[in-house]
Amino acid sequence: MTGVETRSLSRDSLFLLAGIRVESDAETHRVRVRNLSDGGMMGEGNIKVQRGNRLDIELRNVGPVTGIVAWVQDDRFGIAFDEEIDAHEARKPANPEQGAPADTLDRPSVHRAPPPPDPKNLRKV
């Protein structure tokens, strides 16, 4: 990633999980990806990172990516990727040959509004 201003890159707002490993740590942490662009991402989670940390990131349908922490605020942080990715790939469903995706969040069953009442059962007030 160059030092050129990249805020103009289009970012995809999404909600998926990624595995992140800090360069000096053997443990992989699961973090929420709040937005993703070809040049970087915003992550959120219980991981201690500092500006300048080198990271290894595993993104669904994209694979391993390396980058550097650009900013940190509370439990959110920005990562500038070393090389651009195709961010739209992460939005696609996981490859069915890989089985159930482990990096997506389980969503509760869809909530639907109840059917409208039968007009015959309504009374005028």
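Contact here means heavy atoms within 4.5 Å. The model on screen is predicted: local features need pLDDT of at least 70, side-chain atom pairs count only at pLDDT 80 or more, and totals for chains, interfaces and linings use all residues. Residues are numbered from 1 along each chain as its sequence is written, and side-chain values use heavy atoms, with hydrogens and water left out.

**Whole chain**

Start with a cartoon of the chain. It holds one helix and six strands, in the order β-β-β-β-β-β-α along the sequence. Helices (H or I, at least four residues) and strands (E, at least two) are DSSP runs, numbered from the N terminus. Of the 125 residues, 33% count as buried; buried means under 20% relative accessible area, exposed over 50%, and partly exposed in between (1.4 Å probe, protein chains only). Among contacts between residues at least 6 apart in sequence, 53% join residues at least 24 apart.

**Strand β6 and its partners**

Select residues 76–81, which form β6. Two strands pair if DSSP finds at least two bridges between them.

Next, go to the hairpin of β5 and β6, which has two residues between the strands. D74 lies in this loop and has a positive phi of about 55 degrees although it is not a glycine. At 74% relative accessibility, D74 counts as exposed. Most residues other than glycine have a negative phi. Move to the loop between β4 and β5 for N61, another non-glycine residue with positive phi, near 65 degrees. N61 counts as partly exposed, at 28% relative accessibility.

**H29**

Select H29 in strand β2 (residues 29–37). Is H29 buried or exposed? Its relative accessible area is 16%, so H29 is buried. The side chain of H29 makes a polar contact with the side chain of D25 at 3.3 Å. A polar contact is a pair of N or O atoms within 3.5 Å; within protein, one must be able to donate a hydrogen and the other to accept it, and residues adjacent in sequence count only if both atoms are side-chain atoms. Not counting residues up to four places away in sequence, H29 touches A18, G19, I20, N46 and I47.

**Salt bridges**

Now show the charged side chains. The whole structure has six salt bridges, each a side-chain nitrogen of Lys or Arg within 4 Å of a carboxyl oxygen of Asp or Glu.

- E44 and R34: the closest N and O atoms are 2.5 Å apart. E44 lies in strand β3 and R34 in strand β2, so the pair ties together parts ten residues apart in sequence. E44 counts as buried at 8% relative accessibility, whereas R34 counts as partly exposed at 27%.
- R54 and D82: the closest N and O atoms are 2.4 Å apart. R54 is in strand β4 (residues 54–59) and D82 in the loop between β6 and α1 (87–91), so this pair ties together parts 28 residues apart in sequence. R54 counts as partly exposed, at 30% relative accessibility, as does D82 at 27%.
- E89 and K92: the closest N and O atoms are 2.9 Å apart. E89 is partly exposed, with a relative accessible area of 25%, and K92 is partly exposed at 42%.

To see a network, select R32, R34, E44 and R76, which are joined by salt bridges that share partners.

**Nonpolar core**

Finish inside. A nonpolar core is a set of buried Ala, Val, Leu, Ile, Met, Phe, Trp, Tyr and Cys residues joined through side-chain atoms within 4.5 Å. Which members of the largest core touch the most other members? Of its 21 residues, these are I20, L36, M41, I57, L59 and F81. Strands β1 (11–22), β2, β4, β5 and β6 and helix α1 each supply at least two residues, and β1 gives the most, with four.

Centre on I57. Leaving aside neighbours within four places in sequence, the contacts of I57 include I20, M41, I79 and F81, and also G63, P64 and V65.
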